[in-house]
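Hello,

Here is the structure I said I would pass on. My notes on it follow below the picture.

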Amino acid sequence: MDTQSLAAQRIVPNIWCSGTAGDAGSFYSQALPNTSFEIESRYPTTGLLPFQEPLAGEPLTVAVSVGGYRLTLVNAGDEFRPNQSISLMLNFDPLNYSGGVLAARAELDATWEALADGGEVLMPLGEYPFSARYGWVADRYGVNWQLMLTDPAGDPRPFVIPSLLFGAGVQNRAAEAIDFYVSVFSNAAAGMRAPYGESTGPASADALLFGEFRIGEQWFAAMDSGVEQQESFSCGVSLEVKCEDQEEIDRLWEALSAVPEAEQCGWLADKFGVSWQIVPENMGELMERPDAFPHMLQMKKLIIAEI
């Protein structure tokens, strides 16, 4: 199976874990094809906020590489949990397998079985109008995955694509969100859009059954929910943007942040409720500075010179 380029990935999905990041990293390294993990950083033993003290010395971030695509597991408390508002779509493209369709389907089925163990099936694995083999599952850690057998005659897509589901308070705003993100990020472009065509549950006729956009070399999907949703975007899954310099941090912060009370330690929420982390691309190096962690805890927008 082909891999994706870590060097080209400037936006990294971050998954909130309730003290389980190490276990989750080990689980994904076994459940997902061509996947590895490593403990990237640990909490310091001093200078923590009271709610962080039980995690002193424990893993802070765990890096997971899925076919070369980076995910970060963030260890924290039980304040948040991933939900269906941001899922990870896995595209099993027969063109990437020497055994063609049969090999791609076999790996999809094996991955599904592993992710569904201890999880919850939202759309059963089977044949759908848009794919000969597809299913949607929330794994044992609450992370949502969409597994799809890709049509080899279609345009190729990366193995991992984050998918944003617009429901609850942001129902029918997927197209607006695509236009907004394309306007905010440099080297971004909209892709295909497929409307529902008729009212479907809470989705209007012109709401998006499926849409996509690209930021740099990374693809994202966006869709409006066709069923009523109780949950929407949260810190359960956030999108970390690695910025070249303070100027880029300032620009993206100004464009994206829409919820002042959500601003903390480089985190923000945009007007749709999507959580972003706007950080320097050399964040790991900066955090090695003396007292960097307590300095960061005092910030909302990150100021590189003050970390």
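**Confidence**

This is a predicted model. Over residues 1-6 the pLDDT stays under 50, and for this stretch the model has 21 contacts beyond four places in sequence. For the chain as a whole the mean pLDDT is 93, and 98% of the residues reach 70 or more.

**Overall build**

The chain contains six helices and 15 strands. Its C-alpha atoms fill a box of roughly 55 × 40 × 35 Å along the principal axes. A compact globule of 307 residues would have a radius of gyration near 19 Å, and the chain agrees with this because its own value is 19 Å. Of the 307 residues, 52% count as buried. If you take the contacts between residues at least 6 apart in sequence, 64% of them join residues at least 24 apart.

**The cores**

The largest nonpolar core has 52 residues. Within this core, the residues with the most contacts are F166, Y181, F185, L256, V274, W276 and I278. Helix α3 (residues 174-184) gives the core its largest share, six residues. Another core lies apart from it, with 30 residues, including A21, F27, W145 and L147.

What does L256 touch, if residues up to four places away in sequence are not counted? The list is F180, Y181, V184, F185, L268, A269, D270, K271, W276 and I278.

**Helix α1**

Helix α1 covers residues 21-31, and G25 lies in it. The buried residues of this helix are A21, A24, G25, F27, Y28, S29 and A31. They pack against strands β1 (11-17), β2 (35-42), β3 (59-66), β4 (69-75) and β8 (144-149), and against helix α2 (100-116).

Is G25 buried or exposed? G25 has a relative accessibility of 0%, so it counts as buried. Leaving aside neighbours within four places in sequence, G25 is in contact with F37, V62, V64 and L73. G25 and L71 are 46 residues apart in sequence, and their C-alpha atoms are 9.7 Å apart in space.

**Cysteines**

How many disulfides are there, if a pair of sulfur atoms has to be within 2.5 Å? The count is zero. For C243, the closest cysteine sulfur is in C265, and it is 16 Å away, so this is too far for a bond. For C265, the closest cysteine sulfur is in C235, at 11 Å, which is also too far for a bond. C243 is buried, with a relative accessible area of 1%. C265 also counts as buried, at 14% relative accessibility.

**Two loop residues**

C265 comes up again for its backbone: it has a positive phi of about 55 degrees although it is not a glycine. C265 is found in the loop between α4 (246-256) and β14 (267-269). A168 is not a glycine either, and has a positive phi of about 50 degrees. A168 lies in the loop between β9 (160-166) and α3. With a relative accessible area of 33%, A168 is partly exposed.

Regards

Note on methods
Residues are numbered from 1 along each chain as its sequence is written. This is a predicted model: local features need pLDDT of at least 70, side-chain atom pairs count only at pLDDT 80 or more; totals for chains, interfaces and linings use all residues. Side-chain values use heavy atoms; hydrogens and water are left out. pLDDT is the predictor's confidence in each residue, from 0 to 100. Contact means heavy atoms within 4.5 Å. A nonpolar core is a set of buried Ala, Val, Leu, Ile, Met, Phe, Trp, Tyr and Cys residues joined through side-chain atoms within 4.5 Å. Buried means under 20% relative accessible area, exposed over 50%, partly exposed in between (1.4 Å probe, protein chains only). Helices (H or I, at least four residues) and strands (E, at least two) are DSSP runs, numbered from the N terminus. The radius of gyration is taken over C-alpha atoms; the globule rule is 2.2 Å times the number of residues to the power 0.38. A disulfide is a pair of cysteine sulfur atoms within 2.5 Å.
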